[in-house]
Amino acid sequence: GSSVLGPDSGSCTSSGAIHGTSGLSGGGDQGFWVTSDQCIPVDPVTTPDLVLAGMYRTTGDVFARIYLQIFSDGNCTAPIGFSSSVFGGTSAGWNRIAGVVTPGSGVGSVLVFADTIPSTSGGPSFTVDWDRFYLGVEPQIYLDDFEFESGSACHWSAVVGEI
């Protein structure tokens with residue numbers, strides 16, 4: 001697939017969302033995948049569970065999911081598999097999916113993956129928007145811009161520049 005920066009899922013004018021168009025996978029089906037560039041170190045003993053979340057929208061007959069690629073080392077060079085997934089279905093409006101994943105023992109780092117795949121094989125091309133990915137040790141308390149920072153609903157505001 002292909003992607004461009006599209007409008008943010010909320011009211012943040014200086015932010016954006018991934019706007020993707022599906023492409024053919026190696027198996028011949030349409031799909032759209034994104035992955036983080038940032039390798040995230042994990043200590044499965046002190047943090048056995050992680051909360052994974054994101055927002056998406058699509059009118060395609062698809063499944064949306066977020067999951068982790070897991071690595072045995074601390075810098076994402078020795079892959080050992082994938083975590084369980086957090087799933088969602090077709091949603092024309094912005095839809096939040098969130099859940100707890102357990103990377104497992106022997107994990108040293110992770111990458112965040114999100115993909116959108118057809119619910120039935122041979123489906124047509126589709127578009128999808130992804131925004132507001134989250135990976136943390138605690139669930140987010142406010143999911144829909146309820147928590148304001150200096151009068152802004154944006155997670156990235158002028159306050160960040162004042163630190």
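Guide: We can start with the overall make-up and then go into details.

Visitor: Is this experimental or predicted?
Guide: This is a predicted model.

Visitor: OK. How many helices and strands are in the chain?
Guide: The chain has one helix and twelve strands.

Visitor: In what order do the elements run from the N terminus?
Guide: β-β-β-β-β-β-β-β-β-β-β-β-α.

Visitor: And what share of the residues is buried?
Guide: Buried residues account for 40% of the 163 in the chain.

Visitor: Let's do strand pairing. How do S3 and S4 run?
Guide: Antiparallel, with two bridges between them. S3 covers residues 23-24 and S4 covers residues 30-35. Gly23 sits opposite Gly31 in S4.

Visitor: What lies between those two strands?
Guide: Five residues, and the two strands make a hairpin. Gly28 in the turn has a positive phi, about 90°.

Visitor: Which sense does S4 take with S11?
Guide: S4 pairs with S11 (residues 109-118) in the antiparallel sense, over four bridges. Val34 faces Ala114 of S11 across that pairing.

Visitor: Now the core. How many residues are in the largest nonpolar one?
Guide: The largest nonpolar core has 21 residues. Leu52, Ile66, Leu68 and Trp130 have the most contacts inside it.

Visitor: Which elements supply it?
Guide: S4, S6 (50-58), S7, S10 (91-101), S11 and S12 each supply at least two residues. S7 gives the most, with five.

Visitor: Switching to aromatics. How many pairs are there?
Guide: The count comes to five aromatic pairs.

Visitor: Take Tyr67 and Phe82. Stacked or edge-to-face?
Guide: The planes of Tyr67 and Phe82 are at 70°, over the 60 degree cut-off, so the pair is edge-to-face. The ring centres are 5.7 Å apart.

Visitor: Where do Tyr67 and Phe82 sit in the chain?
Guide: Tyr67 is in S7 (residues 62-71) and Phe82 is in S8 (residues 79-82). They are 15 residues apart, and the pair links distant parts of the chain.

Visitor: Why does Tyr67 count as buried?
Guide: Its relative accessible area is 9%. Buried means under 20%, so Tyr67 qualifies.

Visitor: And Phe82?
Guide: Phe82 is partly exposed, at 49% relative accessibility.

Visitor: What else involves Phe82?
Guide: Phe82 also forms an edge-to-face pair with Phe113. That one is 5.9 Å centre to centre, with 90° between the planes. Phe82 in S8 and Phe113 in S11 are 31 residues apart, so this pair too links distant parts of the chain.

Visitor: Is Phe113 buried or exposed?
Guide: Phe113 is buried, at 16% relative accessibility.

Visitor: Which residues do ring pairs link into a cluster?
Guide: Tyr56, Trp130 and Phe133.

Definitions and conventions. Residues numbered from 1 in each chain as written. Predicted model: local features only at pLDDT ≥ 70, side-chain atom pairs only at ≥ 80, totals over all residues. Heavy atoms only, no water. Pairing = 2+ DSSP bridges. Phe/Tyr/Trp six-rings, centres within 6.5 Å; stacked < 30°, edge-to-face > 60°. Buried < 20%, exposed > 50% of the residue type's maximum accessible area, 1.4 Å probe, protein only. Core = buried A, V, L, I, M, F, W, Y, C linked by side-chain atoms within 4.5 Å.
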